[in-house]
Amino acid sequence: MRILHYSDPHIPTPLHHVPLYKWLSKRAVGGVNLFLGRRRLFSDAGVKLAALARFKQEQQVDLVICTGDYTALGLNHEYEEAVKVTQQLMDAPSGYVNVPGNHDYYITDALREERFRTYFGDTLGSDLPEYQVDGPWPLVRLIGNDFGIIAVNSSRPNPLPWRSSGLIPEKQLETLVTMSKDSRLADRPVFIMTHYAPLLADGGYDSRLHGLTNAKPFLTACAQFRQAAILCGHVHQCYHVTVHETGQAIFCAGSATMNKKEGFWLFDLYKKEVKATPGRWDGQQFVLSMDSIVTLFHNRSEQC
Ligand SMILES: [Fe+2]
Ligand SMILES: [Fe+2]
């Protein structure tokens, strides 16, 4: 089993048809931000997502994970474009699992109108629906008899322009702890995915204004699982870090499309271990950095 994890594509779209009243909010700040440079950083997003889809095909990836921030401003036409340009990535033999990023809920109307559910509803099914206590979250995918994926949502609208922090609601955290005791999950290594990175590459917490507000309780909940790794995005840097207290691994996929920062993770699942290989953009195509492989979930050598 091979899993591709990418994040933060921030697909650019034309903005000239955004109604004037929609600019009277934080979106105005985001719009200016976009025009002043951000848009340029993601200008080749479509080309890179097409290249990532080719990579997925060539590498025979079974399942694809995206940890959010498809859009810049959470607008309907951005969601439409996101669904269109990620279609080939979604079309994976064992499915597609994703969570929204803070940009997908840029201001409250995206959440109120449930745009993520409207556009990505087909991807939000769970193998253990009884645990979906907060909309579709947390959702679960069981991979054969060996592994599991749990997705929790940490994104919310941030009406204040200077804040882009995230929070995992208490009921999702409580449910995560309950799930850690469920024999259908407790006996298998799990990947717990969310948009916000609980720790930065240096092992420290992100800032109060940009990071996951309840990173500590989230890490405590993840530590209840016998074997778990955390997959995230939001920080536009591809890295791997270990939680000092628990030894749990965190993989941040960074952004697959941001110029000069492109990255992702490829996970190969074997019976006795998992190999994680970072990917990068060589200017023409996505390639693997074979000198930076991380091994996790030891003691589990046959491929699943
Ligand atoms: Fe992002
Ligand atoms: Fe983000």
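**Exercise 1. Decide whether His10 and Asp69 are buried or exposed.**

Solution. His10 has a relative accessibility of 3% and therefore counts as buried, where buried means under 20% relative accessible area, exposed over 50% and partly exposed in between, with a 1.4 Å probe and protein chains only. Asp69, with a relative accessible area of 1%, is buried as well.

The structure is a predicted model, in which local features need pLDDT of at least 70 and side-chain atom pairs count only at pLDDT 80 or more, while totals for chains, interfaces and linings use all residues. Residues are numbered from 1 along each chain as its sequence is written, chains are lettered from A and ligands numbered from 1 in the order in which they are written, and side-chain values use heavy atoms, with hydrogens and water left out.

**Exercise 2. Describe the site of the iron ion (ligand 1).**

Solution. Begin with the donors, which are N, O and S atoms within 2.8 Å of the metal (3.2 Å for Na, K and Ca); water is not among the atoms, so sites may look incomplete. Asp8 (OD), His10 (NE2), Asp69 (OD) and His236 (NE2) coordinate this iron ion at 2.0 to 2.3 Å.

Next, take the angles among the 4 donor atoms, which run from 87 to 173 degrees and leave the site irregular. Four donors count as tetrahedral if all angles lie between 85 and 135 degrees; four count as square planar and six as octahedral if opposite donors are over 155 degrees apart and all others between 65 and 115; anything else is irregular.

Finally, the donors follow the spacing D-x1-H-x58-D-x166-H along the chain. His10, in the loop between strand E1 (2-6) and helix H1 (26-41), and Asp69, in the loop between strand E2 (63-66) and H3, form a pair 59 residues apart that links distant parts of the chain; helices (H or I, at least four residues) and strands (E, at least two) are DSSP runs numbered from the N terminus.

**Exercise 3. Find the residue that bridges the two iron ions, and then describe the site of ligand 2.**

Solution. Asp69 bridges the iron ion (ligand 2) and the iron ion (ligand 1), which lie 3.5 Å apart. The protein donors of ligand 2 are Asp69 (OD), Asn102 (OD1), His195 (NE2) and His234 (ND1), at 2.1 to 2.2 Å from the ion. Because the 4 donor atoms subtend angles of 89 to 156 degrees, the arrangement is irregular.

Asn102 is buried, at 6% relative accessible area, and His234 is buried with a relative accessible area of 6%.
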